[in-house]
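Me: Could you help me look through this one? I'd like to ask a few things as I go.
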Amino acid sequence: MPKLADIHEEYDFLEPDDRYRLLIDLGRDLEPMPDALKTDATLVRGCSASVWVYPMKTDDGRLHFLADSNAAITKGIIALVLQAVQDQPPAAIVATDIGSELAPFDLGKQLSSNRTQGIPNMIALIRETAERYAS
């Protein structure tokens with residue numbers, strides 16, 4: 001997956017409709033999440049669409065997340081969120097200000113409040129997961 005800065009560079013030059021399509025494409029590029037992992041335990045609360053996030057600890061101690069959503073744009077948003085933390089050590093994820101990492105995308109101006117209301121919950125779930133693994 002491309003780095004967040006590279007995605008932003010492309011995103012910054014696009015018109016609003018193309019930005020929307022870029023987010024959808026990011027969601028399409030997510031690693032497939034098996035349906036068996038889409039459970040109540042992996043569901044992100046407070047999102048307008050269903051979003052699931054499943055953490056896996058790699059052999060070297062990093063966290064790798066699988067994610068999916070039943071809405072294309074929301075799937076793109078979680079893909080963007082994961083770009084800030086994917087395959088990082090838990091302590092590094094805890095130390096990352098994911099909201100600040102996403103700030104240049106100004107998603108609140110690009111998308112409806114319905115689409116962005118769940119982002120803090122996605123970030124909180126990822127942070128809480130990293131905190132559990134870091135201790």
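Me: How far apart are the mean positions of the positive and negative charges of the protein chain?
Reply: This is a predicted model, and in it the 13 positive and 21 negative charges of the protein chain have mean positions that are 4 Å apart.

Me: OK, new topic. How many helices and strands does the protein chain have?
Reply: The protein chain has eight helices and two strands, and read from the N terminus the order of its elements is α-α-β-β-α-α-α-α-α-α.
Me: And why is it called as compact as a globular protein of that length?
Reply: Its radius of gyration is 14 Å, which is close to the 14 Å given by the globule rule for 135 residues, so the protein chain is as compact as a globular protein of that length.

Me: Which parts of the chain does the pair link?
Reply: The pair links distant parts, since tyrosine 11 lies in helix 1 and phenylalanine 105 in the loop between helix 5 and helix 6, 94 residues apart.
Me: Are those two buried or exposed?
Reply: Both tyrosine 11 and phenylalanine 105 are buried.

Me: What about histidine 8, why does that count as buried?
Reply: Histidine 8, which is found in helix 1, counts as buried because its relative accessibility is 19%, and the cut-off for buried is under 20%.

Terms used. Residues are numbered from 1 along each chain as its sequence is written. This is a predicted model: local features need pLDDT of at least 70, side-chain atom pairs count only at pLDDT 80 or more; totals for chains, interfaces and linings use all residues. Side-chain values use heavy atoms; hydrogens and water are left out. Helices (H or I, at least four residues) and strands (E, at least two) are DSSP runs, numbered from the N terminus. Buried means under 20% relative accessible area, exposed over 50%, partly exposed in between (1.4 Å probe, protein chains only). The radius of gyration is taken over C-alpha atoms; the globule rule is 2.2 Å times the number of residues to the power 0.38. Lys and Arg count as positive and Asp and Glu as negative; His and the chain ends are not counted. The place of a charge is taken as NZ of Lys, CZ of Arg, CG of Asp or CD of Glu.
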